[in-house]
Number of protein chains: 2
Amino acid sequence: MTGTPWVAAALLALAACAPKTETPEQMRARLRAESDSAKTAIEAANARFAGYLAAGKADSAALVYAEDAVMFPSGTPPISGRAAIQAQFRQWVGMGHWTVQPTTRQVEASGPVAVETGSNVTTFTPGKNAPRGMAARYPDTTNYETAWRKVDGRWLITKDMAVTTRAPAPAKTR
Amino acid sequence: MTGTPWVAAALLALAACAPKTETPEQMRARLRAESDSAKTAIEAANARFAGYLAAGKADSAALVYAEDAVMFPSGTPPISGRAAIQAQFRQWVGMGHWTVQPTTRQVEASGPVAVETGSNVTTFTPGKNAPRGMAARYPDTTNYETAWRKVDGRWLITKDMAVTTRAPAPAKTR
């Protein structure tokens, strides 16, 4: 009989240590909870970004981006790294006054990675250094796809792309 | 002495069941491995998509997209759901012959969610039903940001956006 408690304990250990395999339904519920939680944090980060930009604080706005973030503007090469993004924001802020009004449509998160889609209204009031004709492109409404990474408890942008909702200029046929 | 094996077994159980908290370094290594594995599968999916499109198989091409996928073309409203994406592909394929040559730059995955960035060369040879002037936009090189979800072992596109690398037409100044 001395073996009985040993066997019981071993069985208990086996039960306790059984791999906690999620059912598909449990996984979906976990991802939904992670996505909801990420959405709240991302909306707050977007609001901070909008505040910094409206205040002309290019450097603070760039802090919403990860060190290795990449922005993909239309018609120009990608802008790689927070330092380059910061420099781009400084240049833009030097041209005039910007506002953005992002509206998150959806966030899909898994652990420290999240994908956000949404739409954004950008306004631009040209200053003295605005390139000729630039103001004609604003206000502009865009759809965006932004990837985020949770670093030390903070969600930071890693990839950032947007497309205008404005119909393209007619293509030249000659 | 009958208690000894019981205690030993209990200690073993405790050690085996200690919560498997990842160190930051272990998490980074796991995410790197998940991203590498996802990249291989995503590149294969992109190659299948390119094959279907070049063969004019709009319906098969659309199967690379998740049921709830959203495409964000520039200048038009988002296209929501695989059925709508399939209809759009049929319309495009009806206009002429398309080829795409996607090159994955980076994949960042966590569990069943991945974000891919890359560049793509699209060619278009107009058929009889091509809208006037459409061919003038091609060949076009784009940068893209595509989100993927692993469903039953297969990576499917959930969000798809691309921006042209072509400089924008000069804005009207009058």
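Colleague: Which residue of strand 6 of chain A does Tyr65(A) stand opposite?

Modeller: In this predicted model, Tyr65(A) stands opposite Ile157(A), which belongs to strand 6 of chain A.

Colleague: And how do strand 1 and strand 6 of chain A run, parallel or antiparallel?

Modeller: They run parallel, with four bridges joining strand 1, residues 65–72, to strand 6, residues 154–164, in chain A. As a general point, the strands of a sheet pair through backbone hydrogen bonds, and the pairing can be either parallel or antiparallel.

Colleague: What is the strand order in the sheet of chain A?

Modeller: The order is 2-1-6-5-4-3, in an open sheet of six strands whose pairing is mixed.

Colleague: Which strands stand at the edges there, and why is one side of each left without a neighbour?

Modeller: The edges of the chain A sheet are strand 2 (79–80) and strand 3 (96–110), and because each has a single partner strand, one side of each is left without a neighbour in the sheet.

Colleague: Which helix packs on that sheet and touches strand 5 of chain A?

Modeller: That is helix 2 of chain A, residues 24–54, which touches strand 1, strand 3, strand 4 (113–126), strand 5 (140–151) and strand 6 of chain A, and its direction makes about 175 degrees with that of strand 3 of chain A. Helix 4 of chain A, residues 82–95, lies across strand 1, strand 2, strand 3, strand 4 and strand 6 of chain A, and it runs at about 60 degrees to strand 1 of chain A.

Colleague: Back to strand 3 of chain A: how many bridges does the pairing with strand 4 of chain A have?

Modeller: Strand 3 and strand 4 of chain A pair over 14 bridges, in the antiparallel sense. Within strand 4 of chain A, Ala114(A) is the residue that Ala109(A) stands opposite. The hairpin of these two strands of chain A has two residues between the strands, and in this hairpin Gly111(A) takes a positive phi near 60 degrees.

Colleague: Okay, new topic: how many salt bridges does the structure hold over all chains?

Modeller: Over all chains there are 20 salt bridges. One of them joins Arg30(A) to Glu22(A), with the closest N and O atoms 2.6 Å apart.

Colleague: Is Arg30(A) buried or exposed, or partly exposed?

Modeller: Arg30(A) has 33% relative accessibility, so it counts as partly exposed. Glu22(A), with a relative accessible area of 32%, is partly exposed as well.

Colleague: Which residues are linked in a network of salt bridges with Arg30(A)?

Modeller: Glu22(A) and Glu34(A) are linked with Arg30(A) in that network.

Colleague: What about chain B, which side chain does Arg30(B) meet in a salt bridge?

Modeller: Arg30(B) meets Glu22(B), at 2.6 Å from N to O. Arg30(B) counts as partly exposed at 33% relative accessibility, and Glu22(B) also counts as partly exposed at 33%.

Colleague: And where in chain B are Arg149(B) and Asp68(B)?

Modeller: Their side chains meet in a salt bridge, at 3.0 Å from N to O. This pair links distant parts of the chain, since Arg149(B) is in strand 5 of chain B and Asp68(B) is in strand 1 of chain B, 81 residues apart. Asp68(B) is partly exposed, with a relative accessible area of 38%.

Colleague: Last one: what order do the strands of the chain B sheet have?

Modeller: The six strands of chain B form an open sheet in the order 2-1-6-5-4-3, with mixed pairing. The edge strands of chain B are strand 2 (79–80) and strand 3 (96–110), each of which pairs on one side only.

Methods. Residues are numbered from 1 along each chain as its sequence is written. Chains are lettered from A and ligands numbered from 1 in the order in which they are written. This is a predicted model: local features need pLDDT of at least 70, side-chain atom pairs count only at pLDDT 80 or more; totals for chains, interfaces and linings use all residues. Side-chain values use heavy atoms; hydrogens and water are left out. Two strands pair if DSSP finds at least two bridges between them. Contact means heavy atoms within 4.5 Å. Axes are lines fitted to C-alpha atoms, for helices over the stretch in contact, and angles run from 0 to 180 degrees between N-to-C directions. A salt bridge is a side-chain nitrogen of Lys or Arg within 4 Å of a carboxyl oxygen of Asp or Glu. Buried means under 20% relative accessible area, exposed over 50%, partly exposed in between (1.4 Å probe, protein chains only).
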